[in-house]
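The following note sets out some points on the disulfides and the sheet. Please read the points alongside the model.

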Amino acid sequence: MHVFRMLRWLVCGRLGPVWMWKALLLFVAIAFAGQLLGIIFNKSSVQPAAHSIFSSPDAQGPALGSCQPHTHIMFLKTHKTASSTVLNMLYRFGEERNLRFALPLGYQLGYPLPFNAHRVKGYRSPRAMEFHIMGNHMRFNKLEVEKVMPADTFYFSIIRDPVALAESSFAYYKEVAPAFRKAKGLGDFADDPNKYYDPRLRNNHYARNLLWFDFGMDNNANFSVELAQRGEAMIRQTFRLILVSEYFDQSMILLRHALCWPLDTVVSFSLNARQQKPSSNSMMSGSWILPNLSLTDDQREKLRQWNALDWYLYKAFNRTFWEEIKRFGHAQMEQEVALLRMRREDLGRVCLRDGGKPVEAYRIRDKNIRPFQSGLVKILGYELHPGLDNATKMACLRMIRPEIQYKDVLDSKQFPRAPAVQKVMKGEAGGRTVEDEVRDWNGSRLMRSNQTLKRGQEKGRLR
């Protein structure tokens, strides 16, 4: 205001000395320049919206060369091997790229019957339909799988030490498998399996050579080296990579390179993990019931003998696994595993509440991401951090979405007009699917096949 008054005074004829004019003009020039520079600096100080952590360069990981990502993938989802975590990776990869999944009509592909192609939703469509990814629980049947999946499909699976697998299976299927239900604890079962085991009873396949069974072979066959070698050869002929649950991070690096996938596709949070210790709430209410899983060294050895076919497979493919790592390079493997773990920690800090640790289902506020509870064990899940931007929230949600809910999301995307008339109850992992009114892609009613009754009213037991 003072500047303009002075200008008006000068313009109105009350002219002062020349030096006053020069000083005035210099003052005006400086003020204008200062105002202009202030605007520029203020604009430059406004930071652009932060990019999602999922779009950062770290998401890609070390370069993979000139390979092309595999998009035709068949994953044999074995039981109690961290396979739900692997399936989540496949779900995320496929959903982000709009790939088509070979989804079951219910929640498993006819398990525990040998897989049949007609169990895939949309397989009988009159239109030519390309399926990219298959990964839900099945009992492997190569000839039927080949009817669904393209010839260039990459086959892989995952195995686990039979003793650790027996511990998890006993905890999870104690009320499902008659052999486990009769035993007071896993140690009692290990001491004399034949006392509890009857191969004629439904769901007892969970109690003996479960890996062998999932690969489509006779889990009750008497062990012989010749038989075991034939089974191993069959698996090697079909499956290009067998992962090992005990070395999960190393497995993910091998898988990433085999599939030519970015690092973030194999970064994961453990899904379907069971609670190992009672919470304070459970102890106060007296509701905690944990199957007795304690074993002596002698009982562990007895379980290896009882699951001799699985034990043979585990030793054979564990040996191959480390041969693969040797070819890959131990130093490079250590470096990439370290990057994988750092990335998991970074994403955990961004995505998850409670420091990234899994929590009991009742603590998860969003019912849509609560893991399904089944049997005597408590299945843990995750909660998202509040206040995430939409892109980050969606990416984080994909990483923690439980298997059953994720399958439903994918199903609704692939078959938006299909009638949602599914009564898949009474537990699939507890034996089979009871699909009283399951319908195919076009709404036609399917035959009531793959039916098994079991105890309980749950929707499905998956892992």
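1. Buried denotes a relative accessible area under 20%, exposed over 50%, and partly exposed in between (1.4 Å probe, protein chains only). The model is predicted: local features need pLDDT of at least 70, side-chain atom pairs count only at pLDDT 80 or more, and totals for chains, interfaces and linings use all residues. Residues are numbered from 1 along each chain as its sequence is written, and side-chain values use heavy atoms, with hydrogens and water left out.

2. Taking a disulfide as a pair of cysteine sulfur atoms within 2.5 Å, the count is two. Cys 67 is joined to Cys 260, with an S to S distance of 1.9 Å. The torsion about this S-S bond is about 80°, so the link of Cys 67 and Cys 260 is right-handed. Cys 260 is buried at 8% relative accessible area, whereas Cys 67 is partly exposed at 33%.

3. The sulfur atoms of Cys 351 and Cys 396 lie 2.0 Å apart in a disulfide. The torsion of -70° about the S-S bond makes the link of Cys 351 and Cys 396 left-handed. Cys 351 is buried, at 0%, and Cys 396 is likewise buried, at 0%.

4. Strands are DSSP runs of E with at least two residues, numbered from the N terminus; two of them pair if DSSP finds at least two bridges between them. Four strands form an open sheet with parallel pairing, in the order S2-S1-S3-S4. Strands S2 (133-134) and S4 (241-244) stand at the edges with a single partner each, so one side of each lacks a neighbour in the sheet. Strand S3 (residues 154-159) pairs with S4 over four bridges.
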